[in-house]
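Subject: A structure for you to look at

Hi there,

Here is the structure I promised to pass on. Have a look at it first, and then read my notes below.

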Amino acid sequence: MTGLILRRNLLNRFKENSSIIFASFSSDADANPRLKIFDRDLKRKQRDRAAWLSHGKDTFIDSVAENLLDRLEDCKKTFPTALFLGGSMEALRRLSHGRGGIEKLTMMDMSYDMVQRCRSVEAEMADDGIETSFVVADEEFLPIRESSLDLVISCLGLHWTNDLPGAMIQCRLALKPDGLFIAAILGGETLKELRIACTVAQMEREGGISARVSPLAQVRDAGNLLTRSGFALPGVDVDEYTVRYNNALDLIEHLRAMGETNALLQRNNILKKETALATAAIYQSMFAAEDGTVPATFQVIYMTGWREHPSQQKAKRRGSATVSFKDIQREFGNKN
């Protein structure tokens, strides 16, 4: 109890004296009624824990962040005002290296501890001329003025929102015309090995299964998400990363350090010890390589969209083509 009181006092003092902005949260009771899949309060606690468990660079996260930032180099324009939204924003900041021409940057996460960690990393970096501010707020209730940003990047964070299209719509509205939205989310093939091992173990030990790995978006849905959210020039591509671990327990520790553990609202809180041990044993027996390591698949879906602007390319009017597919087939088709 003493530790809790001390922590609250420190938090209140920090709110008064620091440059971190605390936006108000909307609790589940106050929010508009809608389908809820994830426990956002639990996810906030998991993000707090991840801030303390993460140690330096993470090869997988850094690869995803680099892939996102590389897309800025493909753009001829610059993005003076930017928002790094939740997820692995610390890696984005550390690896940005001036890409995108960012001058003013806001780093926002639902976790106070994660924002504080990013603030500490920022203090240790060499001065690169970027004016950085820090905000504690929920991605589901974006506290950003409309048409105020040139760029929004989210690295492995938005897949934990209950209303992903709604969160993306808020990102679009926060962008200026011709502003850019880039996001990476985990796809449905992520942790397929763990899903299989856990299902087999539960069937053997408990005679049934319960949700242990959170549902994730499928690749076929990503383009629809961008279109439904009102983005122009939508683009989607996918990468699969295979990370190797000494055993299944090391994988679980890595997921904890990333803040990627189960946060389903309807979940079975207690995993029996024998089921957990059986899962690790099945994982090892089914997927281990010759050297004894086990693989874990992470499917990452990259989404790109722009806020509409008159200067952007437009699709031609339907029926305006001057060459038919039959003509093309006759010209270039198989002549044998």
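**Strand β2 and its partners**

β2 (residues 81–87) pairs with strand β5 (residues 149–155) in the parallel sense, over four bridges. Strands here are DSSP E runs of at least two residues and helices are H or I runs of at least four, numbered from the N terminus; two strands pair if DSSP finds at least two bridges between them. Within this pairing, G87 has C155 of β5 as its bridge partner.

Before going further, please note that this is a predicted model, in which local features need pLDDT of at least 70 and side-chain atom pairs count only at pLDDT 80 or more, while totals for chains, interfaces and linings use all residues. Residues are numbered from 1 along each chain as its sequence is written, and side-chain values use heavy atoms, with hydrogens and water left out.

β2 is also joined to strand β3 (residues 104–109) by five bridges, and these two run parallel. A82 has L105 of β3 as its bridge partner. Between β2 and β3 the chain passes through helix α4 (residues 89–95), giving a right-handed β-α-β crossover (with the strands pointing away from the viewer, the path from the first strand over the helix to the second runs clockwise). Seven of the seven residues of β2 are buried, so the strand is largely enclosed by the rest of the structure; buried means under 20% relative accessible area, with a 1.4 Å probe and protein chains only.

**Aromatic pairs**

Rings of Phe, Tyr and Trp (its six-membered ring) pair if their centres lie within 6.5 Å; planes under 30 degrees apart count as stacked, over 60 as edge-to-face and the rest as tilted. By this rule there are six aromatic pairs. One of them joins F79 and W306, whose ring centres are 6.3 Å apart with planes at 40°, so this pair is tilted. F79 is in the loop between α3 and β2 and W306 is in strand β8, so the pair ties together parts 227 residues apart in sequence. Both residues, F79 and W306, are buried. F181 and F231 make a stacked pair, at 4.8 Å centre to centre and 15° between the planes.

**Around F60**

The C-alpha atoms of F60 and F298 are separated by 9.0 Å, although the two are 238 residues apart along the chain.

Best wishes

Notes. Buried means under 20% relative accessible area, exposed over 50%, partly exposed in between (1.4 Å probe, protein chains only).
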